[in-house]
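Subject: Structure for you to look at

Hi,

Here is the structure I promised to pass on. Please open it first, then read my notes below with the model beside you.

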Amino acid sequence: MAEPEEELQGEDGGSAKKVQKRSRRKKEKRREEEPQVLEEENQSDCVLLRGIFKLGKKSHDVLLTRTRLTWTPIVPETPTGEPCTLQPGVVLLQDVFAVKVKRRRAVGQQTGGAFLGLALFYCRRRGRKLEEDTLHLHNSSSEHTHRWYSTLKEQLQAFSSRPRYLKVFINPCSHKKEAVYIYREHVAPLFKVADVRTDITVTERRGHALSVMKECKLDEYDGVVCVGGDGSVAEVCHAMVLRAQLDADSPEKPVKPALPLGIIPAGSTDVVSCSVHGVRDPPTAAMHIVLGHLQQLDMCSFSSFGQLMRFGFSAMFGFGAQSLARAEKKRWMPSSQRREYALVKTLARLRPEDCQISFLPSNRTNRNLSEQQDQQQDQQQDPESVVAVGEESWATIQGLYLSISVMSIPCLSPVIPRGLAPNTRLANGSASLIAVGNASRSEFVKHLKRYSSSSGQQFSFSFVETHDISAVKIQLQAVAGWPEESEEEESKTSPIIQSEGATCLWNIDGELVEMANEVLIRVHPCLVTLYGEEVDEAESAVSCSCI
């Protein structure tokens, strides 16, 4: 018994040495960074300008540093000599997106005019929403106002991630056909205030954005904006990745686009927008763009028998695709009624599919960036600890499944605030595989209803499997027997899922895609950059009442 104990002690000693190495490196790194942090804090707290402005009817002492603008009311001393302490107002420069000079002009006067002061446009947070607000600083001195304007403009230009020229794609047919109105009323005025120029293309057909992206000169732009639903977003992302592959002459390996993508929600669900904004609100989305908030996102590639079909964020097979196909046949209905009709109709004709699922488990789940960097440094110093990629083993499961979902983002929405895939993140290098096995209709409905509840127990059923994966191959096998469609309307059209044929339907980012009965899905870490931020939960709304 002594020898095994010695071996365990040796292993513990080796791991302890690695931990000591990491902690030593962290301490050394912290010592090196401390002087830099202190120096940066001193520089940021250094007062660039100080002056007197009127806010409303009261004079204020206004201070400008590299990071913030503060103002304190000027109050005369009391007869007793007691100091009067007032809480100063503060605006962080990272929240300011524009500064303008205010002038008094007569009717019809286009230029000139007496100086009135400055107007600072900034954003305020109300929950997940970002709202525009304005701070008016009144001072009639032209020299004083011009000096403050020039300094503020210089500080704002230091935010390099903020765009100045954007390529905008608008899908006029998305959802209620309100995309053009949403852009004109909620987005264009904000871009104008922030001095953001735009080149607008209103798409006329499916694939129009792809053809434009292949030909336009992307070097002129600082970013791309899509006004539409999840399908439009996926199409533009697909076009951006393909363009990056063409520019890099890399037809096989996906290449990260150089430009970030901004999403203005104008669809029916907008799960991609909710996942990076936390709310379906066009002004909030536009505010993230003008402020230059950048967020990396994982993306999936979908291929069949070696042929790339498209790039996307989420895919559903089975129940998700069947309900979408039925909803597409009722485009004349209002969107909410159409979704409820399709959901109830698909539940009434619930049927499983015989599938074989092979997946490659992910080794990046729930690990932060610093831990990954530490392990990479350990592997560079200790080559024996490197594990070859070829040694990773694929796991295989097979059976009857009602629904199969693969999602590289949480897919948040107002109806499902925690998302369809709450166990994954925007940029953790993995996707969530959710396989719902064959079950009774009542049990499956219970599973669906728990998505909108706060308990988060939708995966606690014995017939539901969840895995964090980096790749998955789904092969459709034989068809489980079910009665033929009885309705005349359904019989005149092709079946929702043609399992016996060469192809079947998938719901990829809210779009119906026909693919072969063998599909390979791979996760590409941080493939695209979006304007937004990491969000854990979206703002909730009224849930679906049909179940």
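Helices and strands here are DSSP runs, numbered from the N terminus. A helix needs at least four residues and a strand at least two. Keep in mind that this is a predicted model.

Start with aspartate 195. It sits in the loop between α3 and β9 (197-202). Most residues other than glycine have a negative phi. Is aspartate 195 buried or partly exposed? With a relative accessible area of 36%, aspartate 195 is partly exposed.

Aspartate 195 also has a partner. It forms a salt bridge with lysine 153, and the closest N and O atoms are 3.3 Å apart. Lysine 153 belongs to helix α2 (residues 142-157) and aspartate 195 to the loop between α3 and β9, so the pair ties together parts that are 42 residues apart in sequence. Lysine 153 is partly exposed, at 24% relative accessible area.

Now the other salt bridges. How many are there by this rule? The count comes to 13 salt bridges. One of them joins the side chains of aspartate 199 and lysine 167, at 3.3 Å from N to O. Aspartate 199 lies in strand β9 and lysine 167 in strand β8, so this pair links parts that are 32 residues apart in sequence. The two ends differ in cover. Aspartate 199 is partly exposed, with a relative accessible area of 26%. Lysine 167 counts as buried, at 4%.

Arginine 126 and glutamate 131 make another salt bridge, at 2.9 Å from N to O. Glutamate 131 is partly exposed, with 27% relative accessible area. Both belong to a network of salt bridges that links Arg124, Arg126, Glu131 and Asp133.

Next, look at lysine 177. It lies in the loop between β8 (165-170) and α3. Lysine 177 has a positive phi of about 60°, although it is not a glycine. Its relative accessible area is 62%, so lysine 177 is exposed.

Move on to helix α3, which covers residues 179-193 and holds valine 180. Valine 180 counts as partly exposed, at 34% relative accessibility.

Helix α7 (residues 282-291) is a buried one. Why is it largely enclosed by the rest of the structure? Nine of its 10 residues are buried, so the helix is largely enclosed. Among the buried residues of α7 are Met287, His288, Ile289 and Val290. Just after α7, glycine 292 takes a positive phi of about 70°.

Val290 turns up again inside. A search of the whole structure finds one cavity of 30 Å³ or more. The largest cavity holds about 40 Å³ of space. Its lining is made by Phe97, Arg162, Pro163, Arg164, Ala194, Val196 and Val290. These residues divide into five nonpolar, no polar and two charged.

Last, find valine 90 in strand β4 (residues 89-92). At 43% relative accessibility, valine 90 counts as partly exposed. Its C-alpha atom is separated by 9.9 Å from that of valine 62, which is 28 residues away along the chain.

Best wishes

Technical notes:
Residues numbered from 1 in each chain as written. Predicted model: local features only at pLDDT ≥ 70, side-chain atom pairs only at ≥ 80, totals over all residues. Heavy atoms only, no water. 1 Å grid on protein atoms, 1.4 Å probe; cavity = no way out; pocket = protein on both sides within 12 Å on 5 of 7 lines; lining within 4 Å. Points joined across faces, edges and corners; volume = space filled by probe spheres on them. Nonpolar A, V, L, I, M, F, W, Y, C, P; charged D, E, K, R; others polar. Buried < 20%, exposed > 50% of the residue type's maximum accessible area, 1.4 Å probe, protein only. Salt bridge = Lys/Arg side-chain N within 4 Å of Asp/Glu carboxyl O.
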